[in-house]
Amino acid sequence: MGVKRAAWEPQPGETSPAYAAFVLYRDMGSARSISKTAEALGRNRTLIGGWSSRWRWQERIAGWEGELSRRALEEETNERRAMVKLHARTARAVINAVARRVVGDEAHGVAAIDPNTLGPQDLARLLDVAVKIERLARGVPSEVVETRASIEADVRRLSSEYDFTEEEIQAAIRDAIRLAGAV
């Protein structure tokens, strides 16, 4: 038994003119037709139709389109891998540069940032970013989004065990929403 050929390659026993007709048909894309192929080759439609049946053009087209999809997916996968590597290298370089500035690097003449020179907003932002980076590095979600409704339901459920007034419950809900930063 010989080596099996891909459906879009010349098949054993297929003549060069029959294969050339198939290639033309195949490369017409979604606009392909036996009539257009026959017209483009200056051949009889019956001859081209016979080649199409004998050499299973529809089956071969399905194989070809599957191969094109496989190639496109492989290319997209390779591009994504390259993008991820580039982003990781870039992020690592930025992290190293910022870390060098935060802790200092005497060997390169970089003084550490003095936290006393930072304003409250800068310190809050620095803390926020550092916490998010640590949480992501540990595989913990960096943000928790809760809705007001779920917070209110939780507060009411917990307060049902105690004898709170509606005013106390509303105050607890407001505090919980404020602390959670819920929307």
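In this predicted model, helix 3 is followed by Arg 56, whose phi is positive, near 50 degrees. Arg 56 adopts this positive phi although it is not a glycine, and its place is in the loop between helix 3 and helix 4. With a relative accessible area of 35%, Arg 56 is partly exposed, since that value falls between the 20% under which a residue counts as buried and the 50% over which it counts as exposed.

At the other end of helix 3, the N-terminal one, the cap is provided by Asn 44, a side-chain oxygen of which lies 2.5 Å from the backbone nitrogen of Thr 46.

Between these ends, helix 3 spans residues 45–54, and within it Ile 48, Trp 51 and Ser 52 are buried. The face of helix 3 turned away from its buried side carries exposed residues, namely Thr 46, Ser 53 and Arg 54. As for what the buried side meets, its residues pack against helix 1 (16–27), helix 2 (34–41) and helix 4 (57–103).

Of these partners, helix 2 can be followed in more detail. The axes of helix 2 and helix 3 come within 9 Å and cross at roughly 120 degrees, and the two helices are therefore oblique to each other, because an angle from 65 to 115 degrees would be needed for them to count as roughly perpendicular and one over 145 for roughly antiparallel. Helix 2 passes helix 3 in a right-handed crossing, in which Ile 34, Ser 35, Thr 37, Ala 38 and Leu 41 of helix 2 make contact with Arg 45, Ile 48, Gly 49 and Ser 52 of helix 3. Ile 48 and Ser 52, which take part in this contact, are among the buried residues of helix 3.

How do the axes of helix 1 and helix 4 cross? They come within 11 Å and cross at roughly 55 degrees, which makes helix 1 oblique to helix 4, and this crossing is right-handed. On the side of helix 1, the contact is made by Ala 18, Tyr 19, Ala 21, Phe 22, Tyr 25 and Arg 26, while helix 4 contributes Trp 57, Gln 58, Arg 60, Ile 61 and Trp 64.

Notes. Residues are numbered from 1 along each chain as its sequence is written. This is a predicted model: local features need pLDDT of at least 70, side-chain atom pairs count only at pLDDT 80 or more; totals for chains, interfaces and linings use all residues. Side-chain values use heavy atoms; hydrogens and water are left out. Buried means under 20% relative accessible area, exposed over 50%, partly exposed in between (1.4 Å probe, protein chains only). Helices (H or I, at least four residues) and strands (E, at least two) are DSSP runs, numbered from the N terminus. Contact means heavy atoms within 4.5 Å. A polar contact is a pair of N or O atoms within 3.5 Å; within protein, one must be able to donate a hydrogen and the other to accept it, and residues adjacent in sequence count only if both atoms are side-chain atoms. Axes are lines fitted to C-alpha atoms, for helices over the stretch in contact, and angles run from 0 to 180 degrees between N-to-C directions. Angles under 35 degrees count as roughly parallel, over 145 as roughly antiparallel, 65 to 115 as roughly perpendicular and the rest as oblique. A crossing is left-handed if the near helix is turned anticlockwise from the far one by less than a right angle, and right-handed if clockwise.
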